[in-house]
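This briefing takes a few local features and the packing of the chain in turn. Keep the sequence and the structure open side by side while reading.

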Amino acid sequence: MDQEYDVIVLGTGLKECILSGMLSASGKKVLHMDRNNYYGGDSASITPLEKLYEKFMGSQAKPLLTMGRGRDWNVDLIPKFLMADGSLVKLLIHTGVTRYLEFKSIEGSYVYKGGKVYKVPADKMEALSSSLMGMFEKRRFGKFLSWVENFDSANTQTWQGLDPHKNSMKQVYEKFGLDENTADFTGHALALYRDDKYKNEPFGATIERIRLYRNSLARHQKSPYLYPLYGLGELPQAFARLSAVYGGTFMLNKPVDGFVVENSKVVGVRCGDEVVRCKQVFCDPSYATDRVKKVGQVIRAICLLNHPIPNTNDAQSCQIIIPQRQVNRQSDIYISCVASANMVSPKGWYIAMVSTTVETHNPEAEILPGLQLLGPITERFTRVSDVYEPVELGNESQLFISKSYDATTHFETTCQDVVDIFQRASQQEFDFSKITHLTLEDNQ
């Protein structure tokens with residue numbers, strides 16, 4: 001390891017692997033290291049099942065015999081789906097990583113209201129047949145969706161008196177006469193906001209988020225979400241393969257002891273007695289604990305079920321969002337479910353995950369509304385994780401640190417962070433508009 005690299009990447013989480021792939025593909029000489037002996041970091045999929053029990057319960061814990069072969073399980077540590085027309089899919093297409101992956105659409109998207117689970121209506125036809133709203137509210141919501149469809153920020157004729165730069169989303173809801181429950185599922189299940197702060201901000205961004213949901217839904221009909229066969233751990237491994245194709249060097253099971261700093265700039269990393277020099281370092285927060293700040297916590301409960309989630313039409317896979325106002329919280333609760341159709345469990349078994357941002361000193365009580373929707377739970381593994389953000393942008397130090405994964409069950413915030421880091425490090429804008437006309441199917 002006495003040679004110098006353009007870039008050293010520490011950690012094989014999804015963000016770090018995407019950056020490694022993008023940097024290698026753009027001609028950089030990359031060394032990628034991880035202290036673990038497996039790919040994925042926090043975004044890994046654990047297999048076999050025995051390893052999951054060992055991780056959460058100790059070496060003596062063992063799965064039930066009825067749970068089938070351990071190697072048939074691939075259990076994600078964090079719950080995430082891909083928006084079919086979203087940023088991660090565009091990154092997959094842009095980098096050509098789709099050749100290493102296969103996807104299946106998630107069967108249903110649901111929202112919680114008044115103690116019940118309802119399918120999310122995303123167009124006028126679904127809105128008219130939905131029991132989520134009364135008859136008059138359905139008509140008002142239909143008019144709102146028509147307005148969203150025709151809205152063009154460059155054409156004031158389509159604004160209907162609402163200015164996307166001045167008027168808030170709250171004012172939009174008021175103009176169309178939509179009640180608080182409709183605002184709940186629009187803002188949280190369609191626009192995928194985590195809290196209600198968006199209501200007081202200019203509405204332009206919310207319109208774009210609703211369109212992303214609808215465009216993603218149009219690709220696959222059942223829901224706007226996609227999921228890789230064999231689990232999320234396939235994603236970082238696919239980007240690692242891309243990096244290797246372009247000459248990236250990988251080292252697993254390689255502890256890193258610190259950075260080499262000269263004139264306030266990181267110029268290498270120390271591994272025992274060895275020093276590897278480079279021009280830039282990219283890492284997850286765990287490799288730079290003195291350069292990050294804790295901004296919160298996320299609780300995630302992995303639940304193994306021997307039945308589909310009730311009230312989801314026996315879906316093999318689905319997402320349920322519990323808007324914060326429905327359960328008197330500041331942030332939403334997310335539920336995701338995948339099963340044997342996604343190649344992550346034996347037939348008849350389901351993996352559901354409940355997650356939310358921690359708000360109290362009793363995180364387990366905070367996810368109770370989500371756990372109660374699952375029916376009988378055979379086994380539960382619960383973890384509270386600290387959420388970190390870097391305290392510096394990296395422009396001076398050339399050390400670029402990713403943020404921890406949030407509680408959401410989609411990858412949009414993950415991709416925002418990756419693109420932001422890439423742009424800061426390369427001093428170049430990343431142009432998604434070049435790849436909007438492609439789909440995963442075009443690339444496979």
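Alanine 341 is partly exposed in this predicted model. Its relative accessible area is 27%, so it falls between the 20% limit for buried and the 50% limit for exposed.

**Alanine 341 and its surroundings**
- Alanine 341 lies in the loop that links β16 (333–339) and β17 (350–357).
- Residues up to four places away in sequence aside, alanine 341 touches Lys104, Leu229 and Gln316.
- One of these contacts, Lys104, falls within the residue range of β6 (103–105).
- Glutamate 379 is 38 residues from alanine 341 in sequence. The C-alpha to C-alpha distance between the two is 20 Å.

**The three-stranded sheet**
- Three strands form an open sheet in the order β5-β9-β6. Their pairing is antiparallel.
- β5 (82–83) and β6 (103–105) are the edge strands. Each has a single partner strand, so one side of each has no neighbour in the sheet.
- β5 and β9 (residues 225–228) run antiparallel and are joined by two bridges.
- Tyrosine 225 in β9 stands opposite methionine 83.

**The β11–β12 hairpin**
- β11 (residues 258–262) and β12 (residues 265–271) run antiparallel, with five bridges between them.
- Valine 260 has glycine 268 of β12 as its bridge partner.
- Two residues separate the strands of this hairpin. Asparagine 263, in the turn, has a positive phi of about 50 degrees.

**Helix α6**
- Met169, Val172, Tyr173 and Phe176 are buried in α6 (residues 169–176). They lie on the same side of α6, because they cover an arc of only 100 degrees around the axis.
- The cover over the buried residues of α6 includes α5 (135–150), α7 (180–190) and α8 (204–220).

**Nonpolar cores**
- The largest nonpolar core holds 98 residues. Leu88, Phe144, Trp147 and Leu235 have the most contacts inside it.
- Neighbours within four places in sequence aside, leucine 88 is in contact with Leu14, Ile18, Leu82, Leu235, Phe411, Glu412 and Cys415.
- A second core is separate and has 25 residues, among them Ile299, Ile322, Leu371 and Leu374.

Methods: Residues numbered from 1 in each chain as written. Predicted model: local features only at pLDDT ≥ 70, side-chain atom pairs only at ≥ 80, totals over all residues. Heavy atoms only, no water. Buried < 20%, exposed > 50% of the residue type's maximum accessible area, 1.4 Å probe, protein only. Helix = DSSP H or I, 4+ residues; strand = E, 2+ residues; numbered from the N terminus. Arc of directions from axis to C-beta. Contact = heavy atoms within 4.5 Å. Pairing = 2+ DSSP bridges. Core = buried A, V, L, I, M, F, W, Y, C linked by side-chain atoms within 4.5 Å.
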